[in-house]
Amino acid sequence: MMVNGVPCRPIRLAEGGGGVEVIDQRRLPHEFVVVPLEGLADAAAAIRDMWVRGAPLIGATAACGVALHMDRDPSDAGLGEAVAVLGATRPTAVNLRWALEDMRARLAPLAPAARAAAAWTRAAAVCEEDVAINRAIGEHGLALIAAIAARKAGPVNILTHCNAGWLATVDWGTATAPIYLARERGIALHVWVDETRPRNQGAHLTAWELAAAGVPHRLVVDNAGGHLMQRGLVDMVIVGTDRTTAAGDVCNKIGTYLKALAARDCGVPFYVALPSPTIDWTLADGLSGIPIEERAGREVTHVQGRAADGAVTEVRICPDATAAANPAFDVTPARLVTALITERGVCPATAGGLAGLFPERAAVR
Ligand code: MRU
């Protein structure tokens, strides 16, 4: 996507491999800063500390992290270390495991001397595949938006939660890909952006990228969604996902489940944009099987913003003595999901629906 007229991605590999740069997303929307990842430790810190975030981008960064380490230590021990260190950074987004297993499976059979070049080639391919997947999700989701636009006057109102935009992927975004394509095709739309406490990815990231793309949007507090749906002000919900089970249970940023409940009560369609690397084919039951990351309480007790003097600062919003709990994700049962939008098409959130689109994966479970 474009930032100030310049094509931009949240992760960029040097031509021919050997270097990686990422946007430091902790500084958005107030500062746009690109930083190099110098090695395995940087790649791990970038994922763990959320310089990069969002399931697809975490997977792409992990692939690059393996490649960075293969430049330094392509031995079996080095490969094992890269997979272990990166695999321990965040527990919920399954794209991390997917990318690391993919890299290990391709590199382990090679002679160590051949691993670095192969790792860079594969890391670049992981990034390009993500772009193609999201673009295809966009085309399938666009049809859903267009169908709503065809039967109503005025803009299609879409509610989204967290950030499943291009900043969460290598490009296009998952939930935003249909939005960007609809905009390109001249469909009038408006996006309700949930602020998404505690890290405010909606306020900091989704709002920033929609503003940069000129997509009409308004920021709302997380608690507003039910009210907006009751008033008929939301035509559809589209969210991303960090891990979706083979039976269609959807794990996503905390608060997603409440949106799905409200959507069901109000008869609003609730869609999940789902790239196939985000499907956990080993799991059927999302409620018991998906590890839910518990992040630092400081993300809840403090908020970050820009002060009147322009300085980006953090303030405490509760008594000093108050501790916080911070589960970062929740699971929306498949029965509350209207449909999954994948790169191969739209399907019901059921084992049969996913198996119909991905028969080769479902068969090897
Ligand atoms: O910010 P994160 O990495 O904790 O959050 C993950 C997400 O970005 C969302 O849950 C998103 O909606 C799914 S990933 C496209």
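1. Methionine 50 is buried, with a relative accessible area of 3%, and this residue sits in the loop that runs between α1 (40-48) and α2 (55-72). Its phi is near 65°, a positive value in a residue other than glycine, so a reader inspecting the backbone may wish to know that the model is a predicted one.2. As a whole, the predicted model has 13 helices and 18 strands. Its radius of gyration is 20 Å, close to the 21 Å that the globule rule gives for 365 residues, and the protein is therefore as compact as a globular protein of that length. Taken along the principal axes, the C-alpha atoms fill a box of roughly 60 × 55 × 45 Å.

2. Buried residues account for 55% of the 365 residues, while the protein exposes about 14400 Å², of which carbon and sulfur atoms supply 55%. Among contacts between residues at least 6 apart in sequence, 75% join residues that are at least 24 apart.

3. Threonine 169 lies in the loop between β6 (156-160) and α6 (176-184) and is buried, with a relative accessible area of 1%. A polar atom of the threonine 169 side chain is 3.0 Å from the backbone nitrogen of glycine 173. Leaving aside neighbours within four places in sequence, threonine 169 is in contact with Pro10, Pro56, Leu57, Asp130, Asn134 and Thr174.

4. Helix α5 (residues 112-150) has 39 residues and reaches 57 Å from its first C-alpha to its last, close to the 57 Å expected at 1.5 Å a residue, although the helix also bends by about 25° at alanine 118. Alanine 116 has its place in α5 and is buried, with a relative accessible area of 17%. Not counting residues up to four places away in sequence, alanine 116 touches Met70 and Asp71.

5. Aspartate 280, placed in strand β13 (residues 279-280), is buried at a relative accessible area of 1%. With residues up to four places away in sequence not counted, aspartate 280 touches Val94, Arg97, Arg243, Thr244, Thr245 and Ala246.

6. Cis peptide bonds deserve a separate point. One joins leucine 28 and proline 29, with omega about 10°, and proline 29 is placed in the loop between β4 (20-23) and β5 (34-37). Another runs from arginine 197 to proline 198, with omega near 10°, and proline 198 lies in the loop between β7 (189-194) and α7 (201-213).

7. Proline 333 lies in the loop between β16 (329-332) and β17 (339-342) and counts as buried at 11% relative accessibility. Apart from its neighbours within four places in sequence, proline 333 is in contact with Asp249 and Tyr257. The C-alpha atoms of proline 333 and aspartate 222, which are 111 residues apart along the chain, are separated by 20 Å.

Methods. Residues are numbered from 1 along each chain as its sequence is written. This is a predicted model: local features need pLDDT of at least 70, side-chain atom pairs count only at pLDDT 80 or more; totals for chains, interfaces and linings use all residues. Side-chain values use heavy atoms; hydrogens and water are left out. Helices (H or I, at least four residues) and strands (E, at least two) are DSSP runs, numbered from the N terminus. Buried means under 20% relative accessible area, exposed over 50%, partly exposed in between (1.4 Å probe, protein chains only). Contact means heavy atoms within 4.5 Å. The expected span of a helix is 1.5 Å times one less than its number of residues. The bend at a residue is the angle between axes fitted to the seven residues ending there and the seven starting there. A polar contact is a pair of N or O atoms within 3.5 Å; within protein, one must be able to donate a hydrogen and the other to accept it, and residues adjacent in sequence count only if both atoms are side-chain atoms. The radius of gyration is taken over C-alpha atoms; the globule rule is 2.2 Å times the number of residues to the power 0.38. Accessible areas come from the Shrake-Rupley method with a 1.4 Å probe; for residues, only the protein chains shown count as cover.
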